[in-house]
Amino acid sequence: PQHNHGINEEAALLELGVGVPDLPNGRAWKAVARERLAYGIEHLVDADGALIENSPYYDFYVLDKYWQIGVFARRAHVSIVADLDARLRRMIDYATYLLQPDSSVPLLGASLATVIHDAGSFRAMARTSAAFRYVLTQGSAGHRPAKTSVFFPATGQAIFRSGWGRGSAFA
């Protein structure tokens, strides 16, 4: 329960419990999935919206997973946690400042080199946050984030930027 490694399995249990509830243990799978997903969302993501693993790569990985699970849960009329949307917004706000100007994630902790693209779940998230859209599109859409520097007290992290530009001036 202290790690994010079971999210895919939890999502699969939820899908089975919702999609085929009449299978043996179908309703139990759904209950176990909801319980485990709720625990992860409540205990693995801090008040700033950062994954407690302290890995920017996994911040985006888990944000993508929880976003997709949230979309599925809303369509299936299943509640995971009452404030899932607010928690996702905090994760998106954190991601807005975390993403580097070239759309890569910082290589800290257990991070892997990756680039976050304006596609899929992240594009959908950007429709809910003009500041994230701005960062995701390197300033070509959305609205410039309100701050150039931000402190996240729960993580103890400060992120500093020299400014927000557009295109090749995006810094």
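About 30 Å³ of space lies in the largest cavity of this predicted model. A cavity is, on a 1 Å grid over the protein atoms alone, a set of points where a 1.4 Å probe fits but cannot get out. Grid points are joined across faces, edges and corners, and a volume is the space filled by probe spheres set on the points. Rolling a probe the size of a water molecule over the atoms shows where empty space is left. The structure holds 1 cavity of 30 Å³ or more. Residues are numbered from 1 along each chain as its sequence is written. Because the model is predicted, local features need pLDDT of at least 70 and side-chain atom pairs count only at pLDDT 80 or more, while totals for chains, interfaces and linings use all residues; side-chain values use heavy atoms, with hydrogens and water left out.

The lining of the largest cavity is made up of Gly49, Asp59, Phe60, Leu63, Met91, Tyr94 and Ala95, where lining residues have an atom within 4 Å of a point. Two or more residues of this lining come from each of helix H3 (56-75) and helix H4 (84-98). By class, the lining of the largest cavity holds 5 nonpolar residues, 1 polar residue and 1 charged residue. In this count Ala, Val, Leu, Ile, Met, Phe, Trp, Tyr, Cys and Pro are nonpolar, Asp, Glu, Lys and Arg are charged, and the others, Gly among them, are polar.

The protein chain has 6 helices and 2 strands. Helices (H or I, at least four residues) and strands (E, at least two) are DSSP runs, numbered from the N terminus. Read from the N terminus, the order of the elements is α-α-α-α-α-α-β-β. The C-alpha atoms of the chain fill a box of roughly 60 × 30 × 25 Å along the principal axes.

Of the 171 residues, 43% count as buried. Buried means under 20% relative accessible area, exposed means over 50%, and partly exposed lies in between (1.4 Å probe, protein chains only). The protein chain exposes about 8900 Å², of which carbon and sulfur atoms supply 53%. Accessible areas come from the Shrake-Rupley method with a 1.4 Å probe, and for residues only the protein chains shown count as cover. Among contacts with a separation of 6 or more, 61% join residues 24 or more positions apart; contact means heavy atoms within 4.5 Å.

Leu16 belongs to helix H1 (residues 7-19) and is partly exposed, with a relative accessible area of 37%. Apart from residues up to four places away in sequence, Leu16 touches Pro21 and Trp29. Between the C-alpha atoms of Leu16 and Ala33, 17 residues apart in sequence, the distance is 9.6 Å. Asn25 is in the loop between H1 and helix H2 (26-43). Although Asn25 is not a glycine, it has a positive phi of about 70 degrees. Asn25 is exposed, at 53% relative accessible area. Gly26, in helix H2, is buried, with a relative accessible area of 0%. With residues up to four places away not counted, Gly26 touches Gly17, Val20 and Pro21.

Ala73 lies in helix H3 and is buried, with a relative accessible area of 2%. Beyond its neighbours within four places in sequence, Ala73 is in contact with Val78 and Ile80. Ala73 and Met125 are 52 residues apart in sequence, and their C-alpha atoms are 16 Å apart in space.

Gln138 is found in the loop between helix H6 (130-136) and strand S1 (149-152). Gln138 is not a glycine, yet has a positive phi of about 55 degrees, and it counts as partly exposed at 27% relative accessibility. Phe152, in strand S1, is buried, with a relative accessible area of 8%. Leaving aside neighbours within four places in sequence, Phe152 has contacts with Asp48, Tyr94, Tyr97, Gln157 and Ile159. Tyr94 is also one of the residues that line the largest cavity.

Notes. On a 1 Å grid over the protein atoms alone, a cavity is a set of points where a 1.4 Å probe fits but cannot get out, and a pocket is an open set with protein on both sides within 12 Å along at least five of seven lines; lining residues have an atom within 4 Å of a point.
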